[in-house]
Amino acid sequence: MTVVGPFGLSVRDQALEADVQAGLTAVEEGLLEATKSEVPFITEAAQHLVRAGGKRFRPLLAMLAAQFGDPYAPGVVPSAVVVELTHLATLYHDDVMDEADVRRGVPSANSRWGNSVAVLTGDFLFARASHILADLGPEAVRIQAEAFERLVTGQILETAGPRDGRDPVDHYMDVLGGKTGSLIAVAGRFGAMMSGADETVVDVLTQYGERLGVAFQLADDVLDIASDSHESGKTPGTDLREGIPTMPVLRLRERVERLGLAEDIALSELLASDLTDDARHAEALARLRVHPALDQARRDTVRYAQDARATLAPLPECDAKAALVELCDAVVHRAG
C-alpha cells in the first residue's frame, strides 16, 4: 500500500499508483508552465500559491475518474490543470474578500502585494485557464462556463445571505453546491469525459464530485474552527472574524431557536459581535470548539461523504473505485 495525493490517500494497485502519480506530476508541470509570464513579477505572483503546495484534490479526482476510460488520453492532464488553475484563482480573490493573512502556510498574496495585485493575479490565472480550455473543445468550454457561473452565484448567495423565510441551512447548502461542489464536479466530469469513459460513468462521477465537494467544504468549516494554522495552512477562525456563518455557526443558531439555552444565546451573541477584536475572536473560537454545534457540523460532513460514496454504486468494482471510496473516508477524517 502506498500513499498519493491529499490526506495520505492509499492506493493498493501499483499500476494505478503509477498512473495517478504520473498524472499529478504532469499537472504540476502544467501549472508551472501556465503561470509563467514574460513579466517576472507576474510569474512570481501567479506561482505564489502553486509553489506553496496544496492538496491538489481536484487534479487527483480527475486522475482517478480518468481510470474509467483511457487515463493517457491527451485531454486528461490539461483539463485537470484548468480546474486547478480556476481553483487557485478563486483563492486569490477569496483572500481579498476575507482579508486573510495566510494561505497554505505562507503569506497570502493580498497581504504580501496588496489587494489590487491579488485580484489581478486571480484574473491572470482565469485567463490562462481559458486559454488551455479553448484547445479542449466547445463542450469543455461550456461545462467550465456553467460551473464558473455556479461558483460565482454561490459566492454571491453567501454574501447576500438567505432571503426572508428561507431556512439558513438550506440556503447554505445551495451556497456550498455552487462555490465548492460545482468545480469539484467538473474535475470528476472532465477526467471521465476526456478519457472517453461511457456517458453513464461521466454522470456518476459528476454527481460524486458535487457531493464530495460539499462534504469537503463542510470539513473545511470544521477545520476553520477546530484546527490551528499549522494544520489548515490558514488563519483559524477567518470566517468567524469576517462574520461569515459557516455550518457550525448555523447549527448553533438552529439550536438557539430550538432550545433557547442561555449559554447558547450568549455564544450566539458573541459570534454576532465585532470579532475583529483579537481577544473577543479568541474567546469565540475557544467556546465554539467545545460546543455541540461543532459536533453536529462533523455529522453533516459524514452524511454528505456517505452520499458521495453511495453515488459510486453503479461503477464497476476496481481499484480506482476503491480509491474514490477511500477519498470519502479521507474527507471525513479531515473533520475529525
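## Ground rules

Because the model is predicted, local features need pLDDT of at least 70 and side-chain atom pairs count only at pLDDT 80 or more, while totals for chains, interfaces and linings use all residues. Residues are numbered from 1 along each chain as its sequence is written, and side-chain values use heavy atoms, with hydrogens and water left out.

## The nonpolar core

Let's start inside. The largest nonpolar core has 97 residues, and Leu-205, Tyr-208 and Leu-271 have the most contacts inside it. Helix H10 (residues 199-226) gives the largest share of this core, 13 residues. A nonpolar core is a set of buried Ala, Val, Leu, Ile, Met, Phe, Trp, Tyr and Cys residues joined through side-chain atoms within 4.5 Å. Helices (H or I, at least four residues) and strands (E, at least two) are DSSP runs, numbered from the N terminus.

What is Leu-205 in contact with, leaving aside its neighbours within four places in sequence? Its partners are Ala-65, Phe-68, Gly-188, Ala-192, Leu-312, Leu-315 and Leu-324, where contact means heavy atoms within 4.5 Å.

## The second largest pocket

Rolling a probe the size of a water molecule over the atoms shows where empty space is left. On a 1 Å grid over the protein atoms alone, a pocket is an open set of points where a 1.4 Å probe fits, with protein on both sides within 12 Å along at least five of seven lines; lining residues have an atom within 4 Å of a point. The second largest pocket has a volume of about 350 Å³, a volume being the space filled by probe spheres set on the points, which are joined across faces, edges and corners.

This pocket is lined by 18 residues, and Pro-162, Pro-168, Pro-245, Leu-250 and Arg-253 lie nearest its centre. Helix H8 (138-160), helix H9 (168-194) and helix H13 (247-259) are the elements that give two or more residues to the lining, with the largest share, five residues, coming from H13. By class, the lining has nine nonpolar, four polar and five charged residues. Here Ala, Val, Leu, Ile, Met, Phe, Trp, Tyr, Cys and Pro count as nonpolar, Asp, Glu, Lys and Arg as charged, and the others, Gly among them, as polar.

## Residues in loops

Buried means under 20% relative accessible area, exposed over 50%, and partly exposed in between (1.4 Å probe, protein chains only). Thr-246 sits in the loop between helix H12 (238-241) and H13. Thr-246 counts as buried because its relative accessibility is 2%. Gly-260, in the loop between H13 and helix H14 (262-271), counts as partly exposed because its relative accessibility is 39%.

Most residues other than glycine have a negative phi. Arg-56, however, has a positive phi, near 50°. Arg-56 is in the loop between helix H3 (48-51) and helix H4 (57-65), and is buried, with a relative accessible area of 8%.

How many disulfides (pairs of cysteine sulfur atoms within 2.5 Å) does the structure hold? The structure holds zero. The sulfur of Cys-328 is 14 Å from the closest cysteine sulfur, in Cys-318, so the two are too far apart for a bond. Cys-328 is buried at 1% relative accessibility, whereas Cys-318 is partly exposed at 33%.

His-87 lies in helix H5 (residues 76-98) and is buried, at 13% relative accessibility. Not counting residues up to four places away in sequence, His-87 touches Arg-58, Arg-104 and Leu-183.

Notes: Disulfide = S-S within 2.5 Å.
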